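Please read them with the coordinates open.

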Amino acid sequence: MTAASVMEGGEPRRGLGGDGCPEDPARRVMPPREVEERMAELRRPTRRQLLGTGAALGGMGLLGARPSWAQTGINWRKHAGTTIEVSLIKSPRGDILQRYQKEFEDLTGIKVNAEQTPEQQQRQKATIELASGKPSFDVVHLSYHVQKRQFEKGGWLADLTPYVNDRALTPPDLLSDFSEAGLTFARDGKAIGGLPWSVDYWILYWNKELFAQKKIAFPTTFDEMVAAAEALTDPRSRTYGFVARGLRNANTPVWTTFMLGYDMPSVDAKGELRTDTPEAIEAAKLYQKLLSKSGPPGISGFNWAECQSAFLQGRIGMWLDGIGFAPPLEDPEKSRVVGKVGYGLMPKGPKAHAAGTFGDGIGVAAASSKKEAAYLYCQWAVSREMGARLLQTGSGVPFRNSVLTDPEVRKGVKMPGEWVDAVAQSAAVSRLALPVIIPVTEFRDVYGVALTNMISGADPATELKRVTQEFRPVLERSERA
């Protein structure tokens with residue numbers, strides 16, 4: 001997971017990546033030759049590594065002498081000769097799947113035609129085709145935090161439960177290895193609508209050098225976080241205590257993550273908006289205080305890229321965002337904070353300790369005539385080996401607990417051990433940061449404007465009551481449709 005993994009919406013409406021930010025214009029569909037050149041730059045495992053002689057890249061320390069797909073009883077060749085179509089979001093995770101695609105084809109005899117498309121376009125295309133009942137793909141990459149409710153209501157994904165329960169297709173420990181957040185994303189009632197693939201937990205990045213200069217300890221509570229931000233802020237030296245997204249739409253997950261610390265979801269289990277409650281207002285006040293009092297100039301225009309750039313310069317004390325944005329911070333060619341970065345668990349709120357969570361899944365189109373073959377691809381995509389590759393290259397964080405805790409896999413991770421610790425600790429307190437609703441983009445748009453207004457001094461209670469009234473009929477119409 002890198003800075004390329006971002007989400008949907010933005011101002012103006014542009015493509016966005018996995019955790020809620022406008023897509024970089026550079027994320028275009030590259031011509032095949034350029035894709036090949038880019039792939040060639042990435043480190044490839046040797047056959048010796050692939051066969052599991054203990055090399056960490058393939059995650060073989062976790063699985064012993066044989067890959068997990070060599071387990072007896074799994075009939076990987078059942079659909080040899082079949083061709084499946086795969087729709088992927090253009091991202092480091094999609095790159096990993098295409099990079100190792102031949103491995104799956106050799107294993108199964110199934111031919112894969114996989115296409116990566118920039119996120120916004122892929123989502124639009126998937127929605128249109130699935131709604132038509134005649135999608136051009138068998139397998140689809142989806143962003144659970146944006147599309148879960150829409151896909152469930154449309155009945156667009158095949159229920160994978162029969163395949164998961166079939167011991168000729170699936171090992172018995174598959175579901176038990178996923179984190180609870182991943183299973184929450186994947187389940188549609190009793191059905192399994194896709195397999196959890198890659199997760200993004202929100203953490204607090206911190207500059208250890210700046211903290212040491214002020215003799216400040218890493219904050220463990222919201223109050224300590226505010227105090228540290230204020231103490232680290234010194235406009236005369238252009239040093240600021242805190243940075244997070246201020247750009248409307250992209251900023252909404254910051255506030256909803258704070259709401260989790262007040263044990264308040266933005267939409268409750270009954271589908272009722274909770275965005276003008278006392279807890280939601282306190283979370284908005286926290287957002288306002290941190291960004292307006294301890295943030296750098298121009299923060300209302302900051303998305304993840306601007307936040308990351310500011311932190312890379314070494315003049316920001318803390319940065320709240322997804323754990324997947326970390327790799328550039330340890331790159332000497334890009335960063336002035338190499339060796340100085342701390343990766344901390346989200347501090348505790350007044351009522352709860354929660355790490356905001358976003359995630360991707362991979363599922364089978366309900367209209368596909370090749371469901372079993374497509375399911376085998378999904379199972380391979382979320383396998384322990386592929387999860388290890390995601391983690392070790394910084395391309396993503398798998399939902400599989402056994403990958404995160406395996407010492408041999410950890411040896412191959414390029415990021416500091418503290419980063420991996422933050423991943424594992426966040427998994428234990430993970431909660432979904434965005435509401436599971438169809439109009440999630442509209443939700444981010446409407447509340448994002450209010451949050452940006454707050455940075456300029458607008459009253460949080462007044463703003464939230466206004467936009468809650470504005471958004472409520474939008475949410476109600478989406479459930480009636």
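**Notes on strand 10 and its surroundings**

1. In strand 10, Pro196 has Gly361 as its bridge partner. Helices (H or I, at least four residues) and strands (E, at least two) are taken as DSSP runs, numbered from the N terminus. Two strands pair if DSSP finds at least two bridges between them.

2. This is a predicted model, in which local features need pLDDT of at least 70, side-chain atom pairs count only at pLDDT 80 or more, and totals for chains, interfaces and linings use all residues. Residues are numbered from 1 along each chain as its sequence is written, and side-chain values use heavy atoms, with hydrogens and water left out.

3. Strand 10 covers residues 355–364, and it is largely enclosed by the rest of the structure because ten of its ten residues are buried. Buried means under 20% relative accessible area, exposed over 50%, and partly exposed in between (1.4 Å probe, protein chains only). Ala355, Thr357, Gly359, Gly361 and Gly363 point one way from the strand, while Gly356, Phe358, Asp360, Ile362 and Val364 point the other way. Residues on both sides are buried.

4. Strand 3 (residues 139–143) runs antiparallel to strand 10, with five bridges between them. Val139 stands opposite Val364, and Ser143 has Asp360 as its bridge partner. Strand 11 runs parallel to strand 10 and is joined to it by three bridges; here Thr357 stands opposite Leu432.

5. Strand 3 is itself mostly covered, with five of its five residues buried. Val139, His141 and Ser143 point one way, and Val140 and Leu142 the other. Strand 3 also pairs with strand 1 (residues 83–89) in the parallel sense, over two bridges. In that pairing, Val140 is the bridge partner of Ser87.

6. Which residues of helix 16 are buried? They are Arg384, Glu385, Met386, Gly387, Ala388, Arg389, Leu390, Leu391 and Gln392. That makes nine of the ten residues in this helix (residues 384–393), which is mostly covered. Gly394 follows helix 16 and has a positive phi, near 75°.

7. A 1 Å grid over the protein atoms alone is used: a cavity is a set of points where a 1.4 Å probe fits but cannot get out, a pocket is an open set with protein on both sides within 12 Å along at least five of seven lines, and lining residues have an atom within 4 Å of a point. Grid points are joined across faces, edges and corners, and a volume is the space filled by probe spheres set on the points. By this rule there are two cavities of 30 Å³ or more.

8. The second largest cavity holds about 30 Å³ of space. Its lining includes Pro196, Trp197, Met386, Gly387 and Leu390. Helix 16 gives the largest share of the lining, three residues, and strand 6 also supplies at least two. By class, the lining has nine nonpolar, two polar and one charged residues. Ala, Val, Leu, Ile, Met, Phe, Trp, Tyr, Cys and Pro count as nonpolar, Asp, Glu, Lys and Arg as charged, and the others, Gly among them, as polar.

9. The second largest pocket has a volume of about 520 Å³. Of the 29 residues that line it, Val267, Leu432, Leu434, Pro435 and Val436 lie nearest its centre. Elements giving two or more residues to this lining include helix 7 (144–154), strand 11 (430–432) and helix 21 (460–480). The lining has 17 nonpolar, five polar and seven charged residues.

10. Two side-chain contacts can be checked by eye. Ser402, in helix 17 (residues 401–405), makes a polar contact with the side chain of Asp177 at 2.5 Å. A polar contact is a pair of N or O atoms within 3.5 Å; within protein, one must be able to donate a hydrogen and the other to accept it, and residues adjacent in sequence count only if both atoms are side-chain atoms. Thr233 lies in the loop between helix 11 (222–232) and strand 7 (240–243), and a polar atom of its side chain is 2.7 Å from the backbone oxygen of Ala229.
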